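Subject: Handover of a predicted structure, with notes

Dear colleague,

I am passing this structure on to you, and I would be grateful if you could look through it alongside the notes below.

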There are 2 protein chains.
Amino acid sequence: MFIPTLQGQTNDEQLDEWLSLAIARGIIGTYAQTELGHGTNLKNLETTATYDPKTEEFVINSPTITAAKWWPGALGKSSNYAVVVAQLYTQGVCHGPHPFIVQLRDLETHKPLKGVRVGDIGPKFGFNSSDNGFLLFDNYRIPRQNMLMRYSKVERDGTYVAPKHSKLGYGTMVFVRSIMIKDQATQLAAAACIATRYSAIRRQGEIEQGAGEVQILDYQTQQFRLMPQLARAFAFMFAAYEIRDMYMKVTEQLTHGNVDLLPEIHALSSGLKSVVSWEAAQGIEQCRLACGGHGYSLASAFPEIYAYSVGGCTYEGENIVMLLQVARFLMKAAEEVRTGNARLATICAYLAKPDAAHSNFKTWQTYSDSDIVQDFEHVARKQVFRAYDTLKRHQRETSTEEAWNRASIELCKASRMHVRLYLIRTFLEKVATAPDASLRTPLTDLTRLYAFDMITASQGEFLKGGYMSESQAEGIRDGIYRCLERLRPNAVSLVDSWDFDDAELHSVLGRRDGNVYPALLEWAQKSQLNKTEVLPTFEKYLGPMMKEGRSKL
Amino acid sequence: MFIPTLQGQTNDEQLDEWLSLAIARGIIGTYAQTELGHGTNLKNLETTATYDPKTEEFVINSPTITAAKWWPGALGKSSNYAVVVAQLYTQGVCHGPHPFIVQLRDLETHKPLKGVRVGDIGPKFGFNSSDNGFLLFDNYRIPRQNMLMRYSKVERDGTYVAPKHSKLGYGTMVFVRSIMIKDQATQLAAAACIATRYSAIRRQGEIEQGAGEVQILDYQTQQFRLMPQLARAFAFMFAAYEIRDMYMKVTEQLTHGNVDLLPEIHALSSGLKSVVSWEAAQGIEQCRLACGGHGYSLASAFPEIYAYSVGGCTYEGENIVMLLQVARFLMKAAEEVRTGNARLATICAYLAKPDAAHSNFKTWQTYSDSDIVQDFEHVARKQVFRAYDTLKRHQRETSTEEAWNRASIELCKASRMHVRLYLIRTFLEKVATAPDASLRTPLTDLTRLYAFDMITASQGEFLKGGYMSESQAEGIRDGIYRCLERLRPNAVSLVDSWDFDDAELHSVLGRRDGNVYPALLEWAQKSQLNKTEVLPTFEKYLGPMMKEGRSKL
């Protein structure tokens with residue numbers, strides 16, 4: 001977290017200075033923004049940085065318990081420096097949250113410096129490899145130069161210089177979220193890989209009597225649990241690559257002071273972060289559940305994958321809050337369309353398209369990429385304007401802010417559909433242009449399964465206004481079954497294509513060699529409880545209790 | 001697990017003998033059925049119990065690694081006895097799985113007896129308070145009397161006596177599942193209680209500018225996350241009470257040899273187990289996510305509640321397998337309706353009702369209990385027959401077994417809708433007859449929210465065939481918003497009504513006194529990592545690494 005933050009916010013000299021310092025001195029740093037009492041509403045962070053022109057220092061202070069910095073990774077016991085976000089006060093005026101580099105611990109003794117109270121926040125949901133920390137300041141002084149001054153500045157005399165563009169800092173958020181999307185896609189892929197491999201090893205029950213137990217991957221219900229996760233993992237990965245490329249382009253433009261694409265990529269990365277992190281987490285749980293009891297054991301690796309991945313729904317912007325940010329962008333676009341003044345971002349161009357009366361779907365085989373895109377555009381557009389009209393209706397009855405609140409469920413729904421449209425479109429484009437044509441058949445099956453599954457999950461939206469007929473919806477549903485059948489023989493190859501190493505998957509169930517059962521027994525032997533045949537608790541509690549029972553016989 | 005199993009399977013003398021033995025001797029027992037290689041398909045369990053008439057003993061054996069008993073709670077290190085399910089062989093014939101009482105460890109030394117290999121299976125998904133174990137036998141002998149002979153018997157000479165009714169053992173499963181439903185409902189209630197209380201304490205962001213930060217429970221999106229969980233918790237609890245009463249009735253009938261209600265309650269308890277465990281787990285995660293970062297800390301108690309609760313989707317019958325069992329029952333009923341030979345169980349009576357053309361919904365206020373039931377009956381019936389027709393269509397093309405497999409997604413969907421109908425009907429009935437009339441208003445709001453939320457989630461099913469118009473669906477959706485508004489002022493009282501004790505919730509976020517922030521800081525202090533200011537790892541690794549870095553400056 002340290003390096004990207006620095007890249008985004010320091011001016012060039014500071015960046016050089018701090019980076020060389022950090023690398024040479026083996027400094028461990030973290031980014032401390034969230035507080036005990038505030039995460040989402042950054043405006044109200046409570047930590048203060050008050051400039052003192054006499055000494056040319058900032059005084060960092062935590063006026064309340066809720067001002068404690070809370071959650072930063074590696075803050076508790078490891079970091080000796082942090083980028084601390086605090087309300088900047090100078091010349092008696094508050095200029096809002098700004099970032100400061102703050103030394104926390106002595107470089108020699110590693111003890112917290114005077115005025116700094118720091119520690120670990122305790123165990124979390126299955127993710128205990130980081131000492132997430134808390135941090136409180138008691139009027140702790142740092143030099144003026146420690147403010148990150150790439151965008152805003154405080155002069156020696158305390159004069160505040162505002163940034164040229166208030167959104168310039170967004171680049172970093174976009175970067176971090178684009179990394180997250182790749183990460184979430186990879187977690188889902190790992191889960192799908194483990195579950196698919198195990199489902200080819202596990203045999204349970206007979207389909208045809210007397211024909212022997214079948215691989216559980218032959219059950220339609222098992223395929224329906226796993227293969228949509230496989231499809232999602234591919235879709236999310238392609239989106240991650242796409243947004244990484246887009247970020248590069250935007251960064252290039254920013255260096256020339258061009259901020260045109262910033263709102264678009266900010267909205268897109270926020271929306272993707274939200275949809276991908278949630279659907280990845282849900283998908284991972286489906287993979288875990290599909291492995292029955294063994295999926296519940298840490299031997300499967302699923303519990304860690306889930307607990308790690310689902311954290312992504314909360315950090316770097318809580319998902320619902322993210323969706324509402326996307327909605328702000330969409331409502332502006334909807335307003336432009338309605339006022340006939342459409343200067344729409346490419347990603348919103350579909351909002352200005354005329355409505356098609358009906359879906360072109362005839363059979364699952366003839367359903368083309370452009371038909372699919374048209375259908376997803378249709379429902380996304382409908383929902384965006386439904387949310388827009390809901391908002392306008394409430395605005396006639398109450399304040400703008402309360403109207404926004406009352407429309408917020410519809411707004412979130414609009415954002416989700418907008419993001420899903422982006423995901424399917426990107427997936428289709430990437431597959432259509434895949435360099436190796438022989439890969440296109442199974443990948444196309446995956447795009448269909450992905451599309452059919454999404455359509456079926458929100459069938460009502462597609463049926464509304466007679467856009468899809470019931471027999472079309474039926475055809476889509478049958479398409480799912482056909483895709484499952486077609487993907488079944490390729491399933492293991494598809495997950496193998498991600499080329500996870502056994503050491504990366506860290507899963508007894510997902511072993512490449514399929515030698516699951518002996519490995520499970522071997523893994524179990526290593527349980528700490530198996531170090532002795534009889535636990536000390538027997539001598540201490542169980543034995544005497546039982547003995548007493550017997551003496552009364 | 002020990003006691004209910006004994007009640008279900010022993011004959012009366014055995015029950016008395018073993019119970020008194022267990023209680024007096026402080027015996028710790030468990031029920032060992034699932035094996036490393038087989039959980040769902042009991043028929044293929046591999047552990048054998050071969051009767052030896054010469055010594056009047058059974059020889060218990062694990063012929064393979066996959067025959068290892070796997071998962072039983074308290075088996076690893078604590079139990080000295082177990083009820084072991086094994087394939088019964090006598091006079092050269094296999095009679096399928098039967099239960100046997102087997103001593104595992106010496107009562108004095110607690111060491112495993114010769115021929116018994118037993119241990120812990122290692123850490124699991126957040127649930128580590130039980131030493132779930134593995135167990136292997138090497139031709140281990142037990143006396144004939146240790147077979148549980150309430151239903152089946154083996155005579156001294158090895159003659160096998162079959163049970164009078166093959167389904168008699170189902171009573172125990174029903175009992176265990178009915179306890180599970182109550183347990184799952186309680187877990188969901190606990191999560192809803194924690195999240196609702198915290199949402200009344202946490203303030204974040206402003207709705208009206210300058211009016212100060214609002215309780216996050218005032219956000220529509222937050223209400224939409226939490227209140228349906230609250231409604232579900234009540235619905236599930238009422239269903240749990242109902243099925244407990246039904247179990248009592250069936251048990252009473254069974255003592256008179258009347259097994260009429262057994263298939264019905266078996267199907268119902270399987271279906272409820274599946275739907276309730278999954279929806280409770282999903283609901284708990286929503287409650288956790290609604291508490292942001294703090295929900296991810298173990299201080300919230302959510303991670304343990306989730307990890308414990310979600311296990312219920314797998315144990316006591318994997319959920320998809322359960323739904324397919326319900327489907328068998330429903331397909332029989334559908335067949336009876338179609339052949340005009342309807343002798344339907346009460347719970348299936350709706351399948352024989354004629355279709356209504358349209359929903360009676362006019363406004364959310366006038367939507368009566370019977371209107372709601374009619375609408376849920378309609379979609380459940382439609383789906384049951386859709387699944388039935390799918391099954392029949394496949395049967396014309398392939399074998400009965402493969403047809404079942406190919407229809408299984410539709411079959412599961414039918415089961416879910418059947419169970420949801422039961423849940424809403426029970427919920428409505430219980431609220432309508434609530435003894436305290438003053439409670440009926442908020443509880444009725446909860447029934448509406450529960451119904452509206454379910455309808456909206458599978459809107460497509462209600463729209464099909466024009467059963468609901470789009471404006472009706474719109475009205476239902478608006479009903480959700482109205483219910484959320486109406487429930488908001490009562491939310492905290494509703495969760496307080498469950499009367500959880502702070503020690504039961506074990507949650508810093510869900511404290512009754514609302515003193516969340518100081519308590520979080522206090523809880524964090526207790527982290528093991530905070531025992532020393534500087535961790536030993538600093539001396540060992542970090543310090544020298546940093547020193548080396550500095551020496552190169």
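What follows is a short account of what was found, beginning with the conventions.

This is a predicted model, in which local features need pLDDT of at least 70 and side-chain atom pairs count only at pLDDT 80 or more, while totals for chains, interfaces and linings use all residues. Residues are numbered from 1 along each chain as its sequence is written, chains are lettered from A and ligands numbered from 1 in the order in which they are written, and side-chain values use heavy atoms, with hydrogens and water left out.

To start with the arrangement of the chains, chain A can be laid on chain B with an RMSD of 0.1 Å by a turn of 180° and a shift of 0.0 Å along the axis, so the two copies are related as by a two-fold rotation axis. The superposition is by least squares on the C-alpha atoms of residues with pLDDT of at least 70 in both copies. Of the residues of chain A, A:G460 comes closest to this axis, its C-alpha lying at 1.8 Å.

The entry places the feature "active site" at A:E316, a residue in the loop between helix 6 (302-310) and helix 7 (319-338) of chain A. Helices here are DSSP runs of H or I with at least four residues, and strands are runs of E with at least two, both numbered from the N terminus. A:E316 counts as partly exposed because its relative accessibility is 23%, where buried means under 20% relative accessible area, exposed over 50% and partly exposed in between (1.4 Å probe, protein chains only). The annotation "domain: Acyl-CoA oxidase C-terminal" covers residues 370-547 of chain A, a span that is 75% helix and 0% strand, with its end C-alpha atoms 77 Å apart.

A search of the whole structure finds two cavities of 30 Å³ or more. A cavity is a set of points, on a 1 Å grid over the protein atoms alone, where a 1.4 Å probe fits but cannot get out, and lining residues have an atom within 4 Å of a point; grid points are joined across faces, edges and corners, and a volume is the space filled by probe spheres set on the points. The second largest cavity, with about 30 Å³ of space, is lined by A:T390, A:R393, A:E410, B:E474, B:R477, B:D478 and B:Y481. Helix 14 of chain B gives the largest share of this lining, four residues.

In chain B, an open sheet of three strands has the order 4-8-7 with antiparallel pairing, and its edge strands are strand 4 (69-70) and strand 7 (116-120). Strands pair if DSSP finds at least two bridges between them; strand 7 and strand 8 (residues 133-137) of chain B have five, and B:V116 stands opposite B:F137 in strand 8.

A:H506 is exposed, with a relative accessible area of 62%, and B:D499 is exposed, with 55%.

With best regards

Terms used. UniProt positions are given in the numbering used here, feature names are shortened, and annotations may be inferred rather than shown by experiment. On a 1 Å grid over the protein atoms alone, a cavity is a set of points where a 1.4 Å probe fits but cannot get out, and a pocket is an open set with protein on both sides within 12 Å along at least five of seven lines; lining residues have an atom within 4 Å of a point.
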